[in-house]
Amino acid sequence: MPRTDITIPDLTGRLALVTGASDGIGRVIATRLASAGAEVILPVRSPSKGDAAVESIRRGVPGAKVSTRSLDLSSLDSVAALVAELRSEGRPINLLINNAGVMQPPSRQATKEGFELQFGTNHLGHFALTLGILPLLRDGEARVTHQTSIAARNGRIDWSDLNGEKSYDVMKSYTQSKIAVGLFARELDARSRAAGWGISSNFSHPGVSPTNLLAAQPGMGRGSATGGRRVISVLSRLGIAGTVDSAALPALTAATSPAAQGDQFYGPKRLAAGPPTLIEPWVPFRDMADAARLWTESERLIGERFLMV
């Protein structure tokens, strides 16, 4: 299969924050941003994985400006600590890529604050982080890119049971969390345009690739890779699914292309793989009333300490 790639413009002097960059798609994104001249901050949960990622990036990009910060998106206290650290430094942030995520714990699990793990990590953690550093994003006239999933093609937000306390289905909860990611992306852009924040917000999906989302995750009780992870690896080798490198390209396009704008959605040309392209938002992302409702409900859930608009 021919190698798919994009050209990234010169990002010298730009500061980028990439969540979930200790491995997989996030590390590819961080490496490509660094190779284009950006200074890249990697907020990570595991210091050892963060250090390994920094070393890997510096090997591939001699002279790269890259560093780590501590962040556990499943803990709002951890998010608040990073927000306080970044705000104390006071540096404008030009690019924020909300890429981190968890998928399919073997049983229902909760975040530190009691939110369902996938909704709390994939959406609420990023929501709190983004709102907490909003002044820095405004100062940097930032582009914010949010990573959703093909799981969000269908489904809905269960407003009566956001945390899966009444009835829990692991895949429905994952789907809901990724629908929330897309709705947040759209509402952030709408509010920025209405209030003149100078931030553009768009979103992307990576298609299908053999990342670590479905690999062994002892931290959440999964001792070995799922069967789905093994199937995806085979499909990737056959060219039906993407590679980790190709899966990073939609988010990189959304985040860096001069042609990309706010409230746009990028993904592979084919659903699972292919060159990155602008696509129509899927049905669950289209109702802006849902987007506004999600924002209000998310503010209520995370509390006032992140509301610094």
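1. How far apart are aspartate 189 and arginine 193 in helix H6? The two are four residues apart in this helix (residues 170-195), a separation of about one helical turn. Helices (H or I, at least four residues) and strands (E, at least two) are DSSP runs, numbered from the N terminus.

2. This is a predicted model, in which local features need pLDDT of at least 70 and side-chain atom pairs count only at pLDDT 80 or more, while totals for chains, interfaces and linings use all residues. Residues are numbered from 1 along each chain as its sequence is written, and side-chain values use heavy atoms, with hydrogens and water left out.

3. A salt bridge here is a side-chain nitrogen of Lys or Arg within 4 Å of a carboxyl oxygen of Asp or Glu. The count by this rule is 11 salt bridges.

4. Aspartate 189 and arginine 193 form one of these, with their closest N and O atoms 2.8 Å apart. Aspartate 189 is buried (under 20% relative accessible area), at 3%. Arginine 193 is exposed (over 50%; partly exposed lies in between; 1.4 Å probe, protein chains only), at 55%.

5. Aspartate 5 pairs with arginine 32 in a salt bridge, the closest N and O atoms lying 2.9 Å apart. This pair links distant parts of the chain, 27 residues apart: aspartate 5 precedes strand E1 (15-18), and arginine 32 belongs to helix H1 (residues 24-35). Aspartate 5 is partly exposed at 37%, whereas arginine 32 counts as buried at 19%.

6. In helix H10 (residues 288-302), glutamate 297 and arginine 300 are three residues apart, about one turn. Their side chains meet in a salt bridge of 2.5 Å, N to O.
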